[in-house]
Amino acid sequence: MDTQPTRIVIVGAGHVGATFAYSLVLGGLAAEIVLIDRDGSRAEGEAMDLSHAVPFVAPTRIRPGTFEDCRGAAMVVITAGAGQRPGETRLDLAGRNAAIIRDVVPRIVAANPDAVLLVATNPVDVLTYATLRVSQLPASRVIGSGTILDTARFRHLLGEHLRVDARSIHAYIIGEHGDTEVPVWSLANVAGMRLDEFRRVHGHADDEAVLRSIVEDTRRAAYLIIERKGATYYAVAAGLMRIVEAVLRNQSTVLSVSSLVPGFYGIDDVCLSLPSVVSRVGIDRVLQLDLNEEETAALRHSADVLRQVNRQLGF
Ligand code: NAD
């Protein structure tokens, strides 16, 4: 019997890491949460503040720590690294954050070669691939948060438009978490009813322009939020929670997360998001959707763009 308390280590206690830790505390998923940050006093302060929420929820130990604390952790979640600054290219960000991956991943794996690693730092697909290569772990145990957030934004906007709970809308954004992401319109449905059919029956037959703006708003959401408040963190924290829950509770949930593509659509040697069954093993299976030609071409383009950045970074 597993008698170890479930420990989650979060590397990076900034906006995303601390908000995710807060979600974990409220969700009661972990017995112990360890925060590691280059800025030790920040990790300490966040741990203190979070600990004071514990009397209102389930007992959880929250503390600052070191990479040694990865030993025995069920999952290590990487949120360390900068977000894009005004005028900065994606590649600049990739270079800076890849250096962080090269720094932290060997230390995580040295302490714990058995954990499932979850990467949220951007550009997440590139850094998921970097984590896989640096760690040399099996592909199943390296997950990127990928388009889990884009899919949530897409379903939210579609739900508002169609006046249906987003949870009843089955529609995915796949590919890069970024500018080349791909909406899978051909398979989108509401409770099994094809989207086109739903739109025809429920008075949305002529809403092509709205659908185009939903894709655009999904793609630009992070830019719009960053313009207004400097960073995004609530929704990604909820998405990370969902992934962690699927792993810890062995739920076999289908989530659009980033992992190594197993040769589907002629794509390999790159990490990007496809709907994947997530369970205790990490990525249990990646699902091969029956995409149309346009979607397949867009996905291949996304893969090419990401592969090019991987190569430029030396991965
Ligand atoms: P932030 O600046 O608030 O926090 C980053 C933290 O990482 C800081 O506390 C910093 O001290 C720490 N850090 C930097 N280098 C480190 C190292 N080598 N070891 C340990 N800690 C280190 O940034 P944020 O807003 O929390 O964003 C973090 C990352 O998450 C960014 O790359 C951002 O783009 C990304 N992000 C991803 C998604 C997604 O959907 N995947 C969504 C939002 C943000």
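The model is predicted, so local features need pLDDT of at least 70 and side-chain atom pairs count only at pLDDT 80 or more, while totals for chains, interfaces and linings use all residues. Numbering runs from 1 along each chain as its sequence is written, and side-chain values use heavy atoms, with hydrogens and water left out.

**Domains and core**

Let us start with the overall layout. The protein chain is divided into domain 1 (7-144) and domain 2 (148-312), with bounds that come from an automatic or database domain assignment. Taken over C-alpha atoms, the centres of the two domains are 23 Å apart. Their contact takes 33 residues from domain 1 and 37 residues from domain 2, where contact means heavy atoms within 4.5 Å.

Which residues touch the most other members of the largest nonpolar core? They are Ile8, Phe20 and Val244, in a core of 88 residues. A nonpolar core here is a set of buried Ala, Val, Leu, Ile, Met, Phe, Trp, Tyr and Cys residues joined through side-chain atoms within 4.5 Å. Buried means under 20% relative accessible area, exposed means over 50%, and partly exposed lies in between (1.4 Å probe, protein chains only). Leaving aside neighbours within four places in sequence, Phe20 is in contact with Ile8, Ile10, Val77, Ala237, Leu240, Met241 and Val244. Another core, of 14 residues, lies apart from the largest one and includes Val164, Ile169, Ile173 and Val215.

**The ligand site**

Now to the ligand. It is surrounded by 24 residues, and the closest are His15, Val16, Asp37, Ala82 and Ala120; a residue counts if one of its heavy atoms lies within 4 Å.

| Residue | Protein atom | Ligand atom | Distance |
|---|---|---|---|
| Arg38 | backbone N or O | nitrogen | 3.1 Å |
| Gly81 | polar backbone atom | oxygen | 3.3 Å |
| Asn122 | polar side-chain atom | oxygen | 3.0 Å |

The protein covers 88% of the 870 Å² of accessible area that the ligand has on its own, by the Shrake-Rupley method with a 1.4 Å probe. Helix H1 (15-27) and helix H3 (90-111) are the elements that give two or more residues to the ligand shell, and H3 gives the most, with four residues. Helices (H or I, at least four residues) and strands (E, at least two) are DSSP runs, numbered from the N terminus.

**Residues worth a look**

Asp69 lies in the loop between strand E3 (61-64) and strand E4 (75-78). This residue is buried, with a relative accessible area of 14%, and its side chain reaches the backbone nitrogen of Thr66 at 2.8 Å. Thr131, in helix H4 (residues 124-135), is buried with a relative accessible area of 0%.

Most residues other than glycine have a negative phi, and most peptide bonds are trans. Against that background, the peptide bond from Asn122 to Pro123 is cis, with omega near -5°. Arg163 has a positive phi of about 60° although it is not a glycine, and so does Tyr265, also at about 60°. Is each of these two buried or exposed? Arg163 counts as exposed at 71% relative accessibility, whereas Tyr265 counts as buried at 10%.

Definitions and conventions. A polar contact is a pair of N or O atoms within 3.5 Å; within protein, one must be able to donate a hydrogen and the other to accept it, and residues adjacent in sequence count only if both atoms are side-chain atoms.
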